[in-house]
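Here is a short tour of one protein chain, told part by part. Keep the sequence and the 3D view open while you read.

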Amino acid sequence: MIDVQTWQLEVFGSGLHGPGRTFTYDQLRQLPQREVVAFIECAGNGRSFFALQQGTPAPGTQWGLGAIGVARWRGVPLAEVLKRAGLSRRAVDVMPSGLDATVVSGGIDYGHVRRPIPIAKALDDALLVLEMNGEPLPPDHGFPLRLVVPGWIGVANIKWVGQIEVSDQPLFSLWNTQQYVMTGDAYPDQPVVTTQTVKSAWELARGAELSAYTPVALTGRAWSGTSPIHRVDVSIDQGATWTQARLNRRNGAWVRFRYTFPPRPAGDFELWARATDAQGRTQQPTVPFNNGGYLFGAIVRHPVVVV
Ligand SMILES: Nc1nc2c(c(=O)[nH]1)N[C@H]1C(S)=C(S)[C@@H](COP(=O)(O)O)O[C@H]1N2
Ligand SMILES: [Mo]
């Protein structure tokens, strides 16, 4: 665990007027604070479905849909810290760096986990958080300081931040060149992964048993990296017919949906939930493959057994 008596945040780089500056933990706590409810979701959430549903496995942790969490985060807007460090109008990229071990692969040391975000996002809603759900950040989630980048993939949300580089040139690290980039036949331009896609998940075990000839109240969650969820539709006949689910009040990061599974005789069924966000992005039956297995946003076929 990092000792806040000796820990300091160091802000430096060519995107600042002067030499930059450091901030102690207490100094950060005295700056203006803001709160946001945001999910942190790994870019690889849902990766196992590239194999399960599309027959094209992607290497890496075979996540189902559990690589996401939502919390209430409180801290200092990154913009406030950058301003006080002497932000220049020439700044283009802002790159926080973690104090966890450097990453060594194939004999090469790639340095600390770090990944740039563009200055526009940095000044918009990126938050240097000190608290999670009303308490100091737990060690696992980045104590003493973490960057929360709402709507962006997990790795943008750097934990245990010790340094922030502000640059007047684009910045590169392992995490926006070799990793977290869309590669494969469908992505000749190899775009860097930034925002999360639209997804939904049932709050139900895969293969759960439902009672025959009985209506069953089911729930799930839907979320999107770029705008609130607008609607969720459900199919239990492989997309032939759809029923609009009811949406609870959203809490800023995801929304719970409700659907009543209708009376059915015994047999195997698949629940399909299809979320659509306010920008009209909607879950599709399949998604093009990418080598990293990122952003699996297709409709997930959730098996249930009526008994
Ligand atoms: N310093 C640092 N920050 C990091 C990581 C890391 O390994 N080191 N992992 C990233 C990835 S890949 C994800 S998905 C999220 C996970 O956040 P959580 O542990 O709070 O769920 O943290 C991100 N921030
Ligand atoms: Mo991740």
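Pro-144 sits in the loop between strand 10 (135-136) and strand 11 (146-148). Strands here (E, at least two residues) and helices (H or I, at least four residues) are DSSP runs, numbered from the N terminus. The bond to look for is the peptide bond from Phe-143 to Pro-144: it is cis, with omega near 10°. Gln-190 is another spot to check, with phi near 50°, a positive value in a residue other than glycine. You'll find Gln-190 in the loop between strand 12 (161-167) and strand 13. As background, most residues other than glycine have a negative phi, and most peptide bonds are trans.

A quick word on the ground rules. This is a predicted model, where local features need pLDDT of at least 70 and side-chain atom pairs count only at pLDDT 80 or more, while totals for chains, interfaces and linings use all residues. Residues are numbered from 1 along each chain as its sequence is written, chains are lettered from A and ligands numbered from 1 in the order in which they are written, and side-chain values use heavy atoms, with hydrogens and water left out.

Now for the sheets. Two strands pair if DSSP finds at least two bridges between them. The table puts two open sheets side by side.

| Strand order | Number of strands | Pairing |
|---|---|---|
| 2-1-12-5-8 | five strands | mixed |
| 13-15-19-18 | four strands | antiparallel |

In the five-strand sheet, strand 2 (21-23) and strand 8 (117-118) are at the edges with a single partner strand each, so one side of each has no neighbour in the sheet. Strand 1 (residues 9-12) pairs with strand 12 in the parallel sense, over three bridges. Find Val-11 and you'll see it opposite Ile-164 in strand 12.

In the four-strand sheet, the edges are strand 13 (199-202) and strand 18 (246-247), each pairing on one side only. Strand 13 runs antiparallel to strand 15 (residues 216-223), and four bridges join them. Here Ser-200 stands opposite Ala-222 in strand 15.

Next, zoom out. How many residues of domain 1 are in contact with domain 2? There are 23, and they meet 26 residues of domain 2, where contact means heavy atoms within 4.5 Å.

Together the two domains bury about 1900 Å², with 64% of it on carbon and sulfur atoms. Buried area is the accessible area (1.4 Å probe) that two parts lose on being put together, summed over both. In domain 1, Phe-50, Gln-53 and Leu-65 lose the most area to domain 2, together 30% of what that side buries.

Finally, look for charges. The structure holds 12 salt bridges, each a side-chain nitrogen of Lys or Arg within 4 Å of a carboxyl oxygen of Asp or Glu. One salt bridge is counted between domain 1 and domain 2. Glu-41 and Lys-199 form a salt bridge, with their closest N and O atoms 2.8 Å apart. This pair links distant parts of the chain: Lys-199 is in strand 13 and Glu-41 in strand 3, 158 residues apart.
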